Amino acid sequence: MSHPEQHRGRWRPRLDRPALVALLFGLVGVGYRLVLTLYTVPASNSDEATFGLAALHIGQGREHPVFLYGQHYMGMLESYLAAPLLAVAGPSWPVLRLPMLALYAVFLYLVYRLTRRLYSPWFAVLVVGLLALGPERVVRDQLTVVGGRPEVKPAVLLMLLITVGLAAGTVRHRRLTVALFGLLVGLAAWSDWLILPYLAVAAVALVWAVRRELLGWSGLLLVAGFVAGTAPMIVDNLRAGPGEDSLTVFREVSTKAGPLPPWTDRIRGGLLEGVPLAHGLCPVDGCGRWQQWFGVLYPVLLVAAAALALLAYRRAVSMPRDRQAAGPGTRVAGTPRGARVGPVVQLALVVGAALTLLSYVRSPLAATSPLANARYLSVLQLSLPAVLWPLWVAALACWRGTVGVLGRLAGALATAVLAALAATTLVVTVLFATTGAAASRTEERQARELAAALRADGPHEVYGDYWTCNRLIFNTDETVVCGVLDGDLSPGQNRYRPYWRQVGRAARPGYVVEIDSPMDRRLRRLLADRPDAAPVREVGGYRVYHPDTPVRPWR
């Protein structure tokens with residue numbers, strides 16, 4: 001990646017060409033997302049606001065939540081990262097998202113380092129270039145503070161780099177590094193359970209790399225690091241009442257009543273919609289048929305990548321020990337195990353992707369709501385280097401002329417696939433940046449107008465729907481407090497119960513509803529015969545009611 005250069009008595013690294021190009025791509029990707037962050041694109045929502053409110057409470061010393069308010073399985077690491085910034089700057093969507101932008105930059109750096117060590121420098125440049133792009137579905141998972149995915153991906157990459165370094169003998173403080181591995185596993189498991197397949201394969205790779213060391217102090221430090229990372233979750237579950245532990249709650253959330261959709265529908269939703277969406281090939285409203293080709297090809301590429309990894313491992317095993325230590329033809333060297341760790345980690349990336357995809361298609365949501373739930377496949381970006389490697393190998397062999405006629409045809413096809421992947425992602429990204437971001441900006445402007453109007457003139461205790469309430473509270477720095485109602489005006493999902501209780505004690509609460517929404521129509525019918533039925537005003541697409549006497553039909 002870099003070479004030391006002595007210049008006038010000072011040491012400085014000198015980047016080679018692949019590293020410079022990757023750095024350029026990375027700066028473009030971070031800069032693009034910085035602009036989106038400053039404009040609050042994609043638009044905020046009440047899920048993100050809940051993390052923001054928790055960050056405010058943490059910064060003020062009021063609360064120290066382990067899990068997202070109203071849940072027992074989504075860790076709050078993102079809120080703790082944002083808490084110091086919000087404590088200084090106050091509630092602000094760009095400030096709330098800045099740690100996510102930093103995590104994305106770390107993710108790009110680590111994926112470049114790992115890809116370069118496992119595969120080749122210019123292939124690592126291609127991977128960084130693709131990951132620098134991003135339409136709405138991709139950047140929403142990377143920038144919005146909704147739990148889990150932005151922080152667990154860098155954690156897994158660092159775990160795999162640690163495994164490579166330990167096997168190659170390039171790590172100096174081996175025991176402390178193993179403890180760091182355990183800490184990363186614990187933090188990732190606390191933060192988001194969707195990453196468990198990758199944590200499992202990373203742990204298996206580590207055991208393969210240093211299994212003898214783990215029988216001593218290294219093993220104890222590994223366990224200690226894991227316990228430290230999961231300590232908040234362990235303590236919370238020990239205090240939880242019957243049926244409120246993380247495993248029980250997560251199982252209830254994941255299990256939906258009713259008939260399970262056929263496997264064909266779930267596989268179709270997972271492969272043809274989820275996989276292209278997760279890799280940035282489609283707009284957020286769905287994939288056209290011409291964009292679904294990558295989902296069809298994805299399992300084929302996984303099989304090919306697994307075959308290449310197994311072949312590379314066999315070659316490394318059969319290589320003479322002196323050549324293994326020298327590391328010919330590989331990016332990791334130093335020990336015989338170091339020459340074989342590359343294929344092991346490659347296979348771990350393949351298995352991690354396969355297990356994640358299998359877990360997703362087992363859920364009925366893959367068939368019933370593939371667009372809304374494609375976010376659960378965003379961790380597949382971790383395996384992008386392994387998935388694309390067979391295409392790169394075939395294309396490179398074709399252009400070097402080292403294969404026959406069939407090989408050249410396969411290489412030309414692989415080149416076309418890589419070009420189509422890059423072109424499609426670029427087109428969808430440009431369309432989102434030039435036209436798709438306008439809707440998010442309009443939505444944010446309306447939310448700010450509503451917050452400013454209520455903050456200035458009241459009412460300060462209101463009822464509204466889920467997607468209005470917590471965002472309104474965050475935008476007003478808790479000056480306006482909102483209780484969540486469902487469309488039938490019954491109590492809804494109130495994640496932070498003190499807000500609901502505060503509105504319930506108000507002598508004259510208001511209502512904030514979207515104009516002509518089901519809640520608006522039901523409320524107008526309820527107030528039809530009252531003299532104070534007219535709305536106070538309409539602001540930013542919302543209608544504000546403020547009856548003279550409390551209206552609480554659920555009581």
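Let's start with V35, which sits in helix α1; helices here are DSSP runs of H or I with at least four residues, strands are E runs of at least two, and both are numbered from the N terminus. V35 has a relative accessibility of 43%, so it counts as partly exposed. On that scale, buried means under 20% relative accessible area, exposed means over 50%, and partly exposed is in between, with a 1.4 Å probe and protein chains only.

A word on the source: this is a predicted model, where local features need pLDDT of at least 70, side-chain atom pairs count only at pLDDT 80 or more, and totals for chains, interfaces and linings use all residues. Residues are numbered from 1 along each chain as its sequence is written, and side-chain values use heavy atoms, leaving out hydrogens and water.

Back to V35. Together with L34, L38, Y39, L85 and L98, V35 makes a nonpolar surface patch of about 520 Å². Patch residues have over 30% relative accessible area and no salt bridge; like charges are joined within 9 Å, and nonpolar side chains (Val, Leu, Ile, Met, Phe, Trp, Tyr) within 5 Å. The areas come from the Shrake-Rupley method with a 1.4 Å probe, and for residues only the protein chains shown count as cover. Which helix gives the largest share of the patch? That is helix α1, residues 17-38, with 3 residues.

Now to the charged side chains. The structure holds 17 salt bridges, each being a side-chain nitrogen of Lys or Arg within 4 Å of a carboxyl oxygen of Asp or Glu. Let me walk you through a few.

D141 pairs with R137, with the closest N and O atoms 3.1 Å apart. Both lie in helix α6 (residues 136-143), and because they are 4 residues apart, about one helical turn separates them. Are they buried or exposed? D141 is buried at 5% relative accessibility, and R137 is buried at 7%.

Next, E444 and R471 form a salt bridge at 3.5 Å, N to O. This one links distant parts of the chain: E444 is in helix α19 (residues 405-457) and R471 in helix α20 (residues 466-475), 27 residues apart. Both E444 and R471 are buried.

Then there is R508 with D548, at 3.2 Å between the closest N and O atoms. R508 is in the loop between α21 (497-505) and β5 (510-514), and D548 is in the segment after β7 (542-545), so the pair ties together parts 40 residues apart in sequence. Here R508 is partly exposed at 36%, while D548 is exposed at 53%.

Last one, friends: D516, D520, R524, E538 and R543 are linked in a salt-bridge network.
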